[in-house]
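Subject: A structure to look at, with notes

Dear colleague,

I am handing over the structure below, together with some notes on what was found in it. Please keep it open beside you while you read.

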Amino acid sequence: MSQPAALIVDDERDIRELLSITLGRMGLVVDAAADVSQAKARLAETRYTLCFTDMMLPDGSGLEVVEWIAAKYPQTPVAMITAHGNVDAAVTALKAGAFDFVSKPVDIAILRRLVQAALKLAEEKSADAPKTDASRLLGDSPAMTQLRATIAKLARSQAPVYISGESGVGKELVARLIHEQGPRSAAPFVPVNCGAIPSELMESEFFGHVKGSFTGAASDKIGLFQAAAGGTLFLDEVADLPTHMQVKLLRVIQEKAVRPIGGRAELPVDVRILCATHKDLARLVEAGQFRQDLYYRINVIELRVPPLRERREDVPKLAARILERLAKNSGGPPARLTPTALDALLRYAFPGNVRELENVLERAVALCENNTITDDDLHLVTRAPATVAPPAAIAAPEEEDDDPNDNVAEGDLDSYISNIEREAIMKVLQETRYNKTAAAKKLGITFRAMRYKLKKLGID
């Protein structure tokens, strides 16, 4: 294998020399260019393993170099050199296709980590072998084909990605695939449900603490950022972060360092941040419920995961895979969907998306006869349900209006209401991965009321 080569594009001689010496000690052959024209000429002559470019150049902008490489030499990672604290310039570069960025004055340790990540990415590209089973993201629809292609592209970058989409579409799976297909795959992938951590414990969970820093801190504890060192931190339901944590998260992203509770010094952290939420984050920013500056930092690139109703042609393949998995768990042959059952699935809107499809089929397998699922076994709701049941569906009204069109018999009313409560609570429990505190919050009831409901309805 030939020796890796790097191109440095900077009109400052001192920067070129510093980078050349550092990269040379790491075993790279280094070429230099002082402006955009020279950079384009060098790129036409040599295939580079990576490239560094300054933002301000005599005959143009480093963004032109980034865009040129992204268009002509997409296999070459390019990093932008920015002025210290100029995060806006770094964000612009990442959006243009830069792999990462490094600030002046250049920190040699950060530079080495960046180079190592780029070299690892180049090795994986030359090996010409997929690092992960992207087929876990099932579907042959145009939307899913495009999504898988975008994931492969984003995996090569270090830019923060905001993964948007409704509940149950598979946002965490998308985040895992971005991590597994990128140069950080050997390091940890740490998923965090921001809505499931009590507000008073968030700072300790995210940044860690030192022994004796508060009552109950019996020993030092590393935070989630340190646990994800070298890898990826996935912040699920990031919209649920309280304001004080939004401020602290913004600082960590900008400074690439954390300060544990009770600690005297900031500790450098090297993590890639991926975020997701089923809420409309832009609307929350407009309403003043989410910080605009943090939104711009985490939303360098937005990746929308399509809902199931926008890719109905994928339902048969998804259903078949789910039934195969259920059969494997039970040790029997996969259940079979009748044509009418499959047609019912294709016509259903699936407000809970893939997660709801899994739940529907698991219930149908348990209820069906002769391992054959009919449309009656699916128990699909004919009306369009809300994504989250409103609190009114959880607490039965004290007084019911008589409705001559009501099909529920008077003696079955209690049972009918209990069934509504049970379905609503189970749905939200599944959405929150059975975190009772988060589920109670979504349903608009107290945790104490939640425990009472669970006991009353026999939900374990």
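The largest cavity is lined by Ala-155, Ser-157, Gln-158, Ile-178, His-179, Gly-182, Pro-183, Arg-184, Thr-232, Arg-272 and Leu-274. A cavity here is a set of points, on a 1 Å grid over the protein atoms alone, where a 1.4 Å probe fits but cannot get out, and a lining residue has an atom within 4 Å of a point. The space in this largest cavity comes to about 50 Å³, where a volume is the space filled by probe spheres set on the points, which are joined across faces, edges and corners. One cavity of 30 Å³ or more is found when the whole structure is searched. Helix H7 (171–180) and strand S15 (272–277) each supply at least two residues of the lining.

Before going further, please note that this is a predicted model, in which local features need pLDDT of at least 70 and side-chain atom pairs count only at pLDDT 80 or more, while totals for chains, interfaces and linings use all residues. Residues are numbered from 1 along each chain as its sequence is written, and side-chain values use heavy atoms, with hydrogens and water left out.

The chain contains 19 helices and 18 strands, which are DSSP runs numbered from the N terminus (H or I and at least four residues for helices, E and at least two for strands). Of its 460 residues, 45% count as buried, where buried means under 20% relative accessible area, exposed over 50% and partly exposed in between, with a 1.4 Å probe and protein chains only. Among contacts (heavy atoms within 4.5 Å) between residues at least 6 apart in sequence, 69% join residues at least 24 apart.

Now to the interior. In soluble globular proteins, nonpolar side chains tend to be buried together. A nonpolar core is taken here as a set of buried Ala, Val, Leu, Ile, Met, Phe, Trp, Tyr and Cys residues joined through side-chain atoms within 4.5 Å. The largest such core has 46 residues, and those with the most contacts inside it include Leu-147, Val-161 and Ile-178. Helix H4 (residues 87–96) gives the largest share of this core, five residues. Apart from this core lies another, of 33 residues, among them Leu-249 and Leu-281.

In one of them, the side chains of Lys-317 and Asp-140 meet at 2.7 Å, N to O. Lys-317 lies in helix H13 (residues 315–330) and Asp-140 in the loop between helix H5 (108–127) and helix H6 (142–155), so this pair ties together parts that are 177 residues apart in sequence. Lys-317 is partly exposed at 39% relative accessibility, whereas Asp-140 is exposed at 55%. Another salt bridge joins Lys-279 and Asp-240 at 2.8 Å, N to O, two residues that are 39 apart in the chain. Here Lys-279 is partly exposed at 34%, while Asp-240 counts as buried at 18%.

With best wishes

Technical notes: Salt bridge = Lys/Arg side-chain N within 4 Å of Asp/Glu carboxyl O. 1 Å grid on protein atoms, 1.4 Å probe; cavity = no way out; pocket = protein on both sides within 12 Å on 5 of 7 lines; lining within 4 Å.
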